[in-house]
Amino acid sequence: MSASPDEPLFHTRVEDAWVDYNGHMNDAEYARVFSLAVEALMDRIGLDEAGRAEHGYTIYTLETHLCYRQQAHRGEGLSVTLTLLDSDAKRLHVLFKLNNVDGDVLATSEQMLMGIDVASGRPAPFPAPVAAELTTLPAAGDAWPSAAGRRIGIRRG
């Protein structure tokens, strides 16, 4: 049974050092929060420090598309949710949503993640126990989130 896409994967708070001269969280810090969410995902699927050592396996980020929706402010509580958009033997296509305590979406990060054999440094299929955990992640199914699959560009007309 998969988890709910509304169930937070990661919680944090806007640190003082993350706030810029505009008085809200610096754009680079949104990327930091999503990077920490990838680590939380790795922990969730059995690729924490012990799992990485046991399997000789890790995950790399291949591509990310970060969209800023609203500002986050000093001390504000944040949570990140995950929706699995697609996967194969070695890759995960995911959408992370960064929310404030009121549930407002502050940012999204669509990412392509690749499973890597540490010894070879090359892509490799997920170890069986990790692959089993992937089936429990909240999946988009037919309800593809509107924030996913966006293309960057200037709309004309």
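Q: What do the buried residues of H1 pack against?
A: They pack against strand S1 (10-13), helix H2 (49-55), S2, S3, S4 and S5. Helices (H or I, at least four residues) and strands (E, at least two) are DSSP runs, numbered from the N terminus.

Q: Where does this model come from, and how are residues numbered?
A: It is a predicted model, where local features need pLDDT of at least 70, side-chain atom pairs count only at pLDDT 80 or more, and totals for chains, interfaces and linings use all residues. Residues are numbered from 1 along each chain as its sequence is written, and side-chain values use heavy atoms, with hydrogens and water left out.

Q: Which residues of H1 are buried?
A: Glu29, Tyr30, Val33, Phe34, Ala37, Val38, Ala40, Leu41 and Met42. Buried means under 20% relative accessible area (1.4 Å probe, protein chains only).

Q: What sits at the ends of H1?
A: Asn26 caps the N-terminal end, with a side-chain oxygen 2.8 Å from the backbone nitrogen of Ala28. After H1 comes Gly46, whose phi is positive, near 90°.

Q: New topic: how many residues are in the largest nonpolar core?
A: It has 34 residues. Such a core is a set of buried Ala, Val, Leu, Ile, Met, Phe, Trp, Tyr and Cys residues joined through side-chain atoms within 4.5 Å. Met25, Leu92, Phe96 and Leu98 have the most contacts inside it.

Q: Which element gives the largest share of this core?
A: H1, with eight residues.

Q: What about another core?
A: Apart from that one lies a core of five residues, among them Leu85, Leu95, Ala147 and Ala148.

Note on methods: Buried means under 20% relative accessible area, exposed over 50%, partly exposed in between (1.4 Å probe, protein chains only). Contact means heavy atoms within 4.5 Å. A polar contact is a pair of N or O atoms within 3.5 Å; within protein, one must be able to donate a hydrogen and the other to accept it, and residues adjacent in sequence count only if both atoms are side-chain atoms.
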